Amino acid sequence: MPADHRHRVGVTASSPAPIDVTLAALADPTRRRAVELLAERPRRAGELAEALAISPSSMSKHLRLLREHDLVTEEHPPFDARVRIYALRSAPMADLRAWID
């Protein structure tokens, strides 16, 4: 990898590059499929679990990891604080596209 490319994606000796964090979060096929669904539109956690045919608790673990890696945002609609709606963040995907290009 050319030195200028390493600098562009934020690689330092002490921390992983943002692209490394994104790729690590997307290493799991269930999380990749969830990201594909969220690329279409924001969705409720239960809706994602149903679409992916996994338990709500498994979906929660995947969404927590995606949220901790800043790939998704979580909102609580005003009508029901128990409902969580997840949306894909565009910045990490833009970093991924820039790395590929």
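At what angle do H3 and H4 pack, and how far apart are their axes?

**Figure 1. Overview of the predicted model.** This is a predicted model, in which local features need pLDDT of at least 70 and side-chain atom pairs count only at pLDDT 80 or more, while totals for chains, interfaces and linings use all residues. Residues are numbered from 1 along each chain as its sequence is written, and side-chain values use heavy atoms, with hydrogens and water left out. The protein has six helices and three strands, where helices (H or I, at least four residues) and strands (E, at least two) are DSSP runs numbered from the N terminus. Their order from the N terminus is α-α-α-β-α-α-β-β-α. Of the 101 residues, 31% are buried; buried means under 20% relative accessible area, exposed over 50%, and partly exposed in between (1.4 Å probe, protein chains only).

**Figure 2. Packing of helices H3 and H4.** H3 and H4 meet at an angle of about 120°, and their axes are 11 Å apart. Axes are lines fitted to C-alpha atoms, for helices over the stretch in contact, and angles run from 0 to 180 degrees between N-to-C directions. The two helices H3 and H4 are therefore oblique to each other; angles under 35 degrees count as roughly parallel, over 145 as roughly antiparallel, 65 to 115 as roughly perpendicular, and the rest as oblique. Thr30, Arg33, Ala34, Leu37 and Leu38 of H3 make the contact with Leu48, Ala51 and Leu52 of H4, contact meaning heavy atoms within 4.5 Å. By class, this contact of H3 with H4 has six nonpolar, one polar and one charged residues. Here Ala, Val, Leu, Ile, Met, Phe, Trp, Tyr, Cys and Pro count as nonpolar, Asp, Glu, Lys and Arg as charged, and the others, Gly among them, as polar.

**Figure 3. Packing of helices H4 and H5.** Helix H4 (residues 45-52) packs on helix H5 (residues 56-68) at an angle of about 110°, with axes 9 Å apart. H4 and H5 are therefore roughly perpendicular to each other. On the H4 side the contact involves Ala45, Leu48, Ala49 and Leu52, and on the H5 side Pro56, Met59 and Leu63. By class, the contact of H4 with H5 has seven nonpolar, no polar and no charged residues. The buried residues of H4, namely Glu47, Leu48, Ala49 and Leu52, pack against helix H3 (29-40), S1 and H5. Just after H4, Ala53 takes a positive phi of about 55°.

Figure 4. At 8% relative accessibility, Arg43 counts as buried. The side chains of Arg43 and Glu47 are joined by a polar contact of 3.1 Å. A polar contact is a pair of N or O atoms within 3.5 Å; within protein, one must be able to donate a hydrogen and the other to accept it, and residues adjacent in sequence count only if both atoms are side-chain atoms. Not counting residues up to four places away in sequence, Arg43 touches Leu37, Leu38, Leu48, Arg84, Ile85 and Tyr86.

**Figure 5. Asp80 in its loop.** Asp80 lies in the loop between strand S2 (72-75) and strand S3 (85-88). Asp80 counts as buried, at 18% relative accessibility. A polar atom of the Asp80 side chain lies 3.0 Å from the backbone nitrogen of Arg82.
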